[in-house]
Amino acid sequence: QSEDSDKSSAESDSETEVEQVSGYHKLLATLKTSPESESEEEEDESESEEAEESEAEMDSEGSQETGEAEGGEEDTHNVPEEEEGEATDTAEQILSQEQAGGTDTSCDPHHGVIEEFTDVKHESEFSLETNFMEEESGDCNADKRDSNPFKQHMDKELEDKEIEKMSTLPKTSSQSQWPRLGQLIFSSTLEKRKTLKADKDVDMKQLHLHKPLESTWPKVNKQFLSSVDKPVDSPFTPLQRELLCIMNSYRDLFYPERNALTNGEEIRHTYCLHALNHVLKANAQVLSNNAKRRDRKPGTDTDDYRDQGLTRPKVLVIVPFRECALRIVHTFISLLEVNDKKKIDVSNKKRFKGEFGSDPEEKPPNLKRPEDYEAVFAGNIDDHFRIGVAILQKSMRLYAPFYSSDIIIASPLGVRTVIGAEGEKKRDFDFLSSIEILIIDQADIYLMQNWEHVLHLMKHINLLPLDSHGVDFSRVRMLNLNNWSRYYRQTLLFSALQDPQINSVFNKHCFNYAGKVAVRNVPLTGSISHVVVQLPHVFRRLEAESVTSVIDARFQFFIDKVLPEYRDAIMSHTLIYVPSYFDYVRLRNYFKKEDLNFTHICEYTKKAAVCRARRFFLKGEKQFLLFTERFHFYKRYTIKGIRNLIFYELPTFSHFYSEICNMLKATDSGVDATWTCTVLYSKYDAQKLAAVTGIDRTAQMLQSKKNVHLFVTGEN
């Protein structure tokens, strides 16, 4: 079904597509398309600037930008419809072209499609097969250190019965409380492994870091160490210490408390250290064995030299934007450079900086956005890219062909367009066959792009390759030949929130024999505590028999129980916040059929239509405003004129709840006594509910027989 996902969403703006349940569920399977990937992002800055200007002018008779559209009701009702349709088609056409051609069209948006660049010039220089270990550059005796976590994990020989056990038996789990990470759930299928304890301090020797990381890490990480955090000369923050303790045990890890403002860079440095350490050790082992094979006597057994996978890429790092890839590569370079005199040779560095960097003058300086928005959308926010990185001793090669790369850094869309779909002539996923560490950073952002791309990747990772790609089978580990790579792969998953779709990837697509660790802290207060306006919050529970039926149950509950209360003209200025684009389409179609006085804004709406919709809503000429979560995620405009709020579903990001509620204070109408806020929820929304109301209130609401709960926020 995934190959049809992009085609089906192109039709999602038609008048009737979600009125049948079956069609709706097909569309639901393709939820979370990424409209911003091409057309929206290019327009983002100018669009924001003009919209901000129009916001300032909103109280006057209208903005210049929307002058031509002020003629009448018919225009305002139809134009956004056409524009949204156009935008959807354009995004889908671009994606289908990319998938068909397999080229990266985002390298240079101003010059159309160009061939993807890969560096072929340095092939022999970075070949693992033909190079040998330089004595002073690395750890020649890496393979003799039995306590080395890399060796312990990769050299363990699993038996058939253990593999069968992992496939059939449920996992056993245990809990542990760590000082910085908090509540941890350890789970494993194989014999109960010793539960990890948080080390109060991590000795550099204990981590078995490869040269030169022991000497470069303290210098690179210095920026995160404060005199308060720092126990005697530790080169790690308390968070890094505990994360590394888990990473170094080669267990899978899910950390759902990544924050772009506070700990994002700290976490990025930590996984960069772990990934680079893994690659350097793996390559050192191969180079060391090359020398041994060269010097061995004829007739000696060659099984001692099984030290690689079926393909060379070992680490895959998934990040949302080019800026993230830029920071990762800079961190790698810093970790490999011992000092200013010993700089490493980086191929294609200038090209990389040009394609992944950003021009500081591009962004208008007068835009005011929340701090977290500025942190997430810093730098180059193109979301279609992939780059291979090869590392050999004192050199790094950017834009290495995938089959000559050690590390691949890519966005979900960048990987998806290479993997392709079934039936396509040009598709390739063999390079994913021997991935030993998968890092998925900022997973919450992919919910706002296209989650289907992440699932597509997980279905194609660690499969047997269709072609040999010139591998020397006498050097391939038995675990790879047995098609057991997935049981050795470590997955590190970082997100800003707990979400069922992210949890599902961690639970259903991670098979590591070493087990897994999930951080599971419950929110004590919830984002409702950040609402500063005096406002009654009415939470209304709807009943549903299953997760799949809740979609229809919510729609029915809304049109039968909630909407009738708001049809009266007294309840004007009602904003309906809709997290799912397909729920938005369904509601919009229903509102049109019922001939309600409404306007609408979604991620596909063009800037002129957005300005019109906001102006009509502010002046009360339109009673309802349908408003999608993804539009808010990418734009973060303040909507003026709200008097009544309906959350059709709880927000994905809990802080959006308080942000939207606090927009009421932007209305200078002096009628705040009549403000209302209504929230729809079901028992399947427990995680989102806890993030908004706090764990205690959530427990009361879910256990109570009452279907309506009232909370009041504000000074009084």
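**Close-up views of a predicted model**

The count of disulfides in this predicted model comes to zero, a disulfide being a pair of cysteine sulfur atoms within 2.5 Å. Residues are numbered from 1 along each chain as its sequence is written, and side-chain values use heavy atoms, with hydrogens and water left out. Because the model is predicted, local features need pLDDT of at least 70 and side-chain atom pairs count only at pLDDT 80 or more, whereas totals for chains, interfaces and linings use all residues.

View 1. Of the 716 residues of the protein chain, 59% count as buried. The secondary structure comes to 25 helices and 18 strands, taken as DSSP runs (H or I of at least four residues for helices, E of at least two for strands) and numbered from the N terminus.

**View 2. The largest nonpolar core.** This core has 146 residues, of which Tyr271, Met396, Ile409, Phe539, Leu575 and Tyr657 touch the most other members; a nonpolar core is a set of buried Ala, Val, Leu, Ile, Met, Phe, Trp, Tyr and Cys residues joined through side-chain atoms within 4.5 Å. Domain 1 (170–293 + 317–362 + 370–519) and domain 2 (527–713) both give residues to this core, so it lies between them, the bounds coming from an automatic or database domain assignment. Leaving aside neighbours within four places in sequence, Ile409 is in contact (heavy atoms within 4.5 Å) with residues including Val317, Ala325, Phe332, Phe385 and Arg386. A second, separate core of 30 residues includes Val585, Phe598, Cys602 and Tyr604.

**View 3. Stacked aromatic pairs.** The count of aromatic pairs comes to 33, where rings of Phe, Tyr and Trp (its six-membered ring) pair if their centres lie within 6.5 Å, and planes under 30 degrees apart count as stacked, over 60 as edge-to-face and the rest as tilted. The rings of Tyr271 and Phe494 have centres 5.7 Å apart and planes at 25°, so this pair is stacked. Tyr271 lies in helix H9 (residues 264–295) and Phe494 in strand S10 (residues 490–494), so the pair ties together parts that are 223 residues apart in sequence; both residues are buried. Phe352 and Phe356 also form a stacked pair, with 4.7 Å from centre to centre and 25° between the planes. Phe352 and Phe356 are separated by about one helical turn because they are four residues apart in helix H11 (residues 349–356), and both are buried.

**View 4. Charges over rings.** Arg322 lies over the face of Phe356, at 4.6 Å from the ring centre, and Arg586 lies over the face of Phe555, at 4.3 Å from the ring centre. A charge sits over a ring if NZ of Lys or CZ of Arg is within 6 Å of the ring centre and within 35 degrees of the ring normal.

View 5. Helix H13 (residues 412–419) is mostly covered, with eight of its eight residues buried, among them Arg416 and Thr417. Just after H13, Gly420 takes a positive phi of about 70°. Ala496, in the loop between S10 and helix H18 (500–508), is partly exposed, with a relative accessible area of 39%. Not counting residues up to four places away in sequence, Ala496 touches Pro256, Arg258 and Asp444.

Conventions. Buried < 20%, exposed > 50% of the residue type's maximum accessible area, 1.4 Å probe, protein only.
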